[in-house]
Amino acid sequence: MREFPGGSKALAQAVSAAAEALRPIRWPAERLDTLGGYLTYHNITLFIAFLCVYAIVQGAKILRGAEESHVMEVLLSTGISRRQVLIEKTIAFAVTTLIVTLGLGVATALSMWALGAPDLYGSIFSFLGALFAIVYAFSLTLLISQFTRSYKSAAGIATISMIFLYIANNLSEKIGPFGFVKFLSPTYYANLTRPLVPGHGVHWISILLTFILCILLTQISIYFFTRRDLRSGYFIKSTNPKKRIVDQVRMRKKILWLSSLYKNRISLVSWTLTSAAFLAMLVLLEPSVADVWGLIKWLGVSNENSLQLAIEIEYISLCTSLLPPIISGYVVQQSAGWINELKQGRLEIYLSSRLTWRSLTMQRIATTTIGSSFIALISIGVLSVSAYFLDIDIVAFGLLRVLILSIACGISMSVIALIVVSIFPARESVIVLATYIGISYIISYVANILGWPTWVQKISIFYSFGTPYLEWPSLGNSTMITFFLLPGAYLATRLAALSPKTA
Amino acid sequence: MKTSEKNNQKELNNLKPVINAVNLSKDYGGHRGLFDLNLSVFEGEIFGLIGPNGSGKSTFIRLIMDLIRPTSGSVHIFGASSKTHARWVMDLIGYIPGELPRFPGLSARYIIEELAGLRSDVDFAYVHELSQRLQLDLNLKYEELSHGNKQKMMLIQAFMHMPKLLVLDEPTLGLDPIIQREFTNLVSEVRDQGCAVILSSHVLADIERICDRIGLIINGNLVKVGTLSELRESKVHDVEIVCNNHFDHSKLLEIKNLQNLELDGSTISARVSGPMGPFLKAISELDVLEFDSRELSLEEVFFSEFSR
């Protein structure tokens, strides 16, 4: 902070403007001129949000996942009651979260100590104070999963709800009467405890309240769990096979890649809506950001010629630069589906037909290309409409470039994902890919600011695509992209043929 | 080689081999896998694979399907390699894996339509016929079906394109007796149309009833191949007699090819290996009320082989 031109005050002023602009992503931002305030805004709020996402995944998986894999049947056949199962799984999650939050607290304490502002109590309680808020997210998902048809739908609905609540909480002061929804958001309660921020401390009432909410939601979940059929939602009626007659409706052959798109339609729509809503929201923030734009140029989101560009153009460039990472995230999720095809025995069945590895690889690329195009097209469309209503000038050719390069990024990421999945046909490869996307994004975001060498920047997949709204990639980067699109696809095909067909 | 076996071999030589495995091995290490398997399966033949769990049956089936690659040796389907001519070969095969795949969120009908899209020729009228014969409502969600009903769907997808070769790993698992009978009928029908069938099963009664030849795999080795009567190495009979008068059983103890002798009042039961003459001679003095003799079932052959 001391190294920033103008010192911590100048940094705080600059970051405050950027924080306001990126309010949907991360909030609140207070006392950024202090290390505790900066760390709380920059790291702790985000870590807690990630832990809430983790809680959602676990909340959906721990019960419904066990039901779908028939593990729950075996568990219940031992004589343990459903009530006991639910309570014990919640306690297990709480204990795990306690360990994780303690670990993060200790790591934060060490950082504070290393940077000359030791605060053990504040560091530990910054995370520990969020413990029950995270368990609240878990319990909320458990409750949602009592009513859904499957684990996937529970996870999907809970994730979308969580994203909505997270953003609504961050924007609660801006959305008028709808601001009350923040009281449903776990991050609202977590953020009340901010002992590292001067003027704030441990918010015991919110901790107590989230603890009570956890117990309440767990009790409600128990009520429904003990009354519903396993592998079904509480209100979902089971079909009785004996009463139904054999279908005589005309059947039609399906094309695999189209079928894959159809099967993943909910995921595709979710990614598209999230992306479009996110871009629209950023565009809606443009008037307030424009006022402080000069303060956040240090973010390095623009190209070398940005000094000559209008603020509107630079800002739209910043917004559209988020599209390739979103599309990459979608592709990584698709790669999880490829692993599932192997692990769940579908691949074995597909490849026992005239479908070859080569054809399957090309069809997978086709599916992700169409999906990427759909996300990009709708997102850019929504961004354009939002910009039109706010009277923000947009460069049509720039948007066309964004569309083309976002799709190219999706295809490149597909090729990388196919190669990784072929070499490591395990669920861990999805984590590797997700980590790569995360690292790529961080590199593309901070490399300019910190003046990292070009070779480090080239590790990022997003580096090659530059700033699509402003310009085409350089010749070297275009060559890099071409490598992924053509020889990369060939390599993916060859490697796929060597990978196992059965789990 | 006995005359009947020579005749069988001559008949087989006149047929085209659909599956031809030569010195086929898949070594997983630790003496696990399949070793030096030589086998031909012919047009219009139903070949059954039996053996204990982990003996190598599914490994052989996966090698046929090119799902795993051999350590040495080769297997050809219709004279072609399923590796180099996958597109052509696989289109001729109907396959049921040993473990049911998962298709979350999809109806049986959707899955059939999707898999039909991967086949060159599927007659949906035949799909409907199969679904009716197997009593499966295709509108139902696959994941909500019972194990047996999922297996029915797998049967439909294996039969729907009228393949020239059926490769079935445990096809009757979870099927009720009525559907098992229907399955037997289906297999017999396609056999009559020239389709070759290779199936593995632990339901030995099924194998005994429908298979033309049977292969016994133990510890990765194909230890026996032949018709059921050929598998019964020496003619072994389980005999049981009920007699009216007292009998000195010491005479029976002198018969060398008699085993498992049991006396229960007026009932005598034993196992005769080979010629029945000495046993018949010994009981000729008796006032026999009932005489029952039967050859060993496949299950008994299986157990006697496995216990060696």
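## Helix 14 of chain A and E341(A)

Let us start with E341(A), a residue of helix 14 (residues 323-343) of chain A. The model here is a predicted one, and in it E341(A) has a relative accessible area of 11%. Because the cut-off for buried is under 20%, E341(A) counts as buried.

The domain assignment divides chain A into domain 1 (7-236) and domain 2 (256-498). Between the C-alpha centres of these two domains there are 28 Å.

How many of the 10 residues of helix 13 (residues 311-320) of chain A are buried? Seven of them are, so helix 13 of chain A is largely enclosed by the rest of the structure. The buried residues are E314(A), Y315(A), I316(A), S317(A), L318(A), C319(A) and T320(A).

V395(A), F397(A), L400(A), I404(A) and W472(A) make a nonpolar surface patch of about 450 Å².

One of these residues, L400(A), belongs to helix 17 (residues 396-423) of chain A. The relative accessible area of L400(A) is 41%, and L400(A) is therefore classed as partly exposed.

## Salt bridges between the chains

Over all chains, the count of salt bridges comes to 22. One of them brings together the side chains of R102(B) and E68(A), at 3.9 Å from N to O. R102(B) lies in the loop between strand 6 and helix 4 (108-116) of chain B, while E68(A) lies in helix 2 (residues 35-68) of chain A, so this pair joins two chains.

Another salt bridge is formed by the side chains of K263(A) and E114(B), with 2.7 Å from N to O. Since K263(A) is in helix 10 (residues 256-263) of chain A and E114(B) is in helix 4 of chain B, this pair also joins two chains. Is E114(B) buried or exposed? With 0% relative accessibility, E114(B) counts as buried. K263(A), on the other hand, is partly exposed, with a relative accessible area of 23%.

## A salt bridge within chain B

R271(B) and D238(B) form a salt bridge too, and their closest N and O atoms are 2.9 Å apart. R271(B) sits in strand 13 (residues 267-273) of chain B and D238(B) in strand 11 (residues 236-243) of chain B, so the pair ties together parts that are 33 residues apart in sequence. D238(B) is buried, with a relative accessible area of 16%.

Strand 7 (residues 165-169) of chain B is mostly covered, with five of its five residues buried. In a regular strand, side chains alternate between the two faces of the sheet. Here L165(B), V167(B) and D169(B) point one way, L166(B) and L168(B) point the other way, and all are buried.

Which strands pair with strand 7 of chain B? Strand 6 (residues 93-96) of chain B pairs with strand 7 in the parallel sense over four bridges, and G94(B) has L166(B) as its bridge partner. Strand 8 (residues 196-200) of chain B also runs parallel to strand 7, joined by five bridges; there, D169(B) has S200(B) as its bridge partner. Together with helix 7 (residues 177-192) of chain B, strands 7 and 8 make a right-handed β-α-β unit.

## The open sheet of chain B

Chain B has an open sheet of four strands as well, in the order 2-1-4-5 and with antiparallel pairing. Strand 2 (32-42) and strand 5 (80-81) stand at the edges with a single partner strand each, so one side of each is left without a neighbour in the sheet.

Within this sheet, strand 1 (residues 17-29) and strand 4 (residues 72-77) of chain B pair in the antiparallel sense over five bridges. If you want a spot to look for this pairing, I19(B) stands opposite I77(B) in strand 4.

Technical notes
Residues numbered from 1 in each chain as written. Chains lettered and ligands numbered in written order. Predicted model: local features only at pLDDT ≥ 70, side-chain atom pairs only at ≥ 80, totals over all residues. Heavy atoms only, no water. Patch = residues over 30% accessible without salt bridge, like charges linked within 9 Å, V, L, I, M, F, W, Y side chains within 5 Å. Areas by Shrake-Rupley, 256 points an atom, 1.4 Å probe, with all protein chains shown as cover. Salt bridge = Lys/Arg side-chain N within 4 Å of Asp/Glu carboxyl O. Buried < 20%, exposed > 50% of the residue type's maximum accessible area, 1.4 Å probe, protein only. Pairing = 2+ DSSP bridges. Right-handed = clockwise from strand over helix to strand, strands pointing away. Domains from an automatic or database assignment.
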